[in-house]
Amino acid sequence: MNFIAMKNRIAANLNRDDLGIYVADWINEIRDKICKAAPLYFTLTKTIIPLASGKNSYFLDDLTTAAFTASKALATITATAGTFTANDIGKYFRWGTTGQVDKITGYTSGTAVTVENSGTIASQAGTLIFPRFSGLHQNVIFNNAGALTKLPYVEPQLFDMLFPLIETGNPTAYTIRGNEVILNKSLTTVTNISLNVKFYELPALLENDNNEQYLDKKYYKAIIAGASSEGAAFARDTEITTYWQNVFSEELKNIIDQDKGIAPVAVTLRRDVGVAPA
């Protein structure tokens with residue numbers, strides 16, 4: 001089912017044809033919430049975070065690479081400023097002029113990478129950005145010159161109790177606050193030391209009418225039900241909101257129940273009625 005078909009189905013569920021400008025946002029919002037509740041369906045990627053002397057916390061935003069100047073021909077991006085590496089596979093190249101984003105699928109050289117979609121883009125500024133991560137998979141590995149040690153995850157409140165003072169040395173535990181990885185120790189020597197962090201990648205946003213879902217078909221009913229609930233709440237129809245909320249909750253439960261080893265995650269839909277989504 002492509003994007004336009006999903007939007008039409010939701011409009012029919014609501015019996016409203018005047019909410020089209022909001023339906024796209026509701027669909028993508030619900031897709032994200034469902035995927036965070038059933039993360040087995042994400043693409044697993046690994047990113048290496050170089051560690052700095054004296055630091056014990058690292059924002060994932062720090063991973064954004066330096067600026068590039070590049071052009072695109074067919075499915076190849078060629079850089080005249082900036083250097084690609086093999087670790088860039090799976091990242092996205094954002095074009096500075098148009099804002100268009102290309103997913104990098106292959107590494108050719110320091111000046112060339114291949115991307116998912118073909119096209120032609122004139123030389124302009126751009127940056128490498130990371131995928132739409134749902135968050136860390138709570139799998140952080142301390143890489144000390146090739147010697148790998150998986151660090152145990154500690155809940156933030158317990159982490160503060162166990163490690164009230166940050167000592168120096170090799171880390172033995174970590175926690176996560178928002179977009180930040182926090183180690184229980186700071187390093188004094190950082191040669192060949194890094195963190196290997198595993199992420200689950202959220203599916204790309206649906207943007208064009210012909211965009212196809214590449215999630216399993218069992219997601220469709222949940223997405224449509226959740227977005228219909230959002231629309232009914234926006235339209236201040238309490239009865240219809242409750243109906244679609246119940247359908248959504250049941251469909252989400254069905255998805256999670258089919259995925260062994262994943263605990264249910266509470267998913268709360270937006271409750272602000274009569275307010276357009278941001």
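Guide: Setting aside neighbours within four places in sequence, Ile34 is in contact (heavy atoms within 4.5 Å) with Tyr219, Ala222, Ile223, Phe248, Leu252 and Ile255. A word on the source: this is a predicted model, where local features need pLDDT of at least 70, side-chain atom pairs count only at pLDDT 80 or more, and totals for chains, interfaces and linings use all residues. Residues are numbered from 1 along each chain as its sequence is written, and side-chain values use heavy atoms, with hydrogens and water left out.

Now for the wider setting. Ile34 is one of five residues, with Ile10, Leu19, Trp26 and Ile27, that touch the most other members of the largest nonpolar core, which has 28 residues. Such a core is a set of buried Ala, Val, Leu, Ile, Met, Phe, Trp, Tyr and Cys residues joined through side-chain atoms within 4.5 Å; buried means under 20% relative accessible area, exposed over 50%, and partly exposed in between, with a 1.4 Å probe and protein chains only. Helix H1 (3-14), helix H2 (20-37), H4 and H5 each give two or more residues to this core. Helices here are DSSP runs of H or I with at least four residues, numbered from the N terminus. H2 supplies the largest share, nine residues. Apart from this core lies another, of 14 residues, including Ile49, Leu51, Val140 and Ile176.

One last stop is the loop between helix H4 (218-234) and helix H5 (238-258), where Arg236 is found. Its phi is positive, near 65°, and Arg236 counts as exposed because its relative accessibility is 60%.
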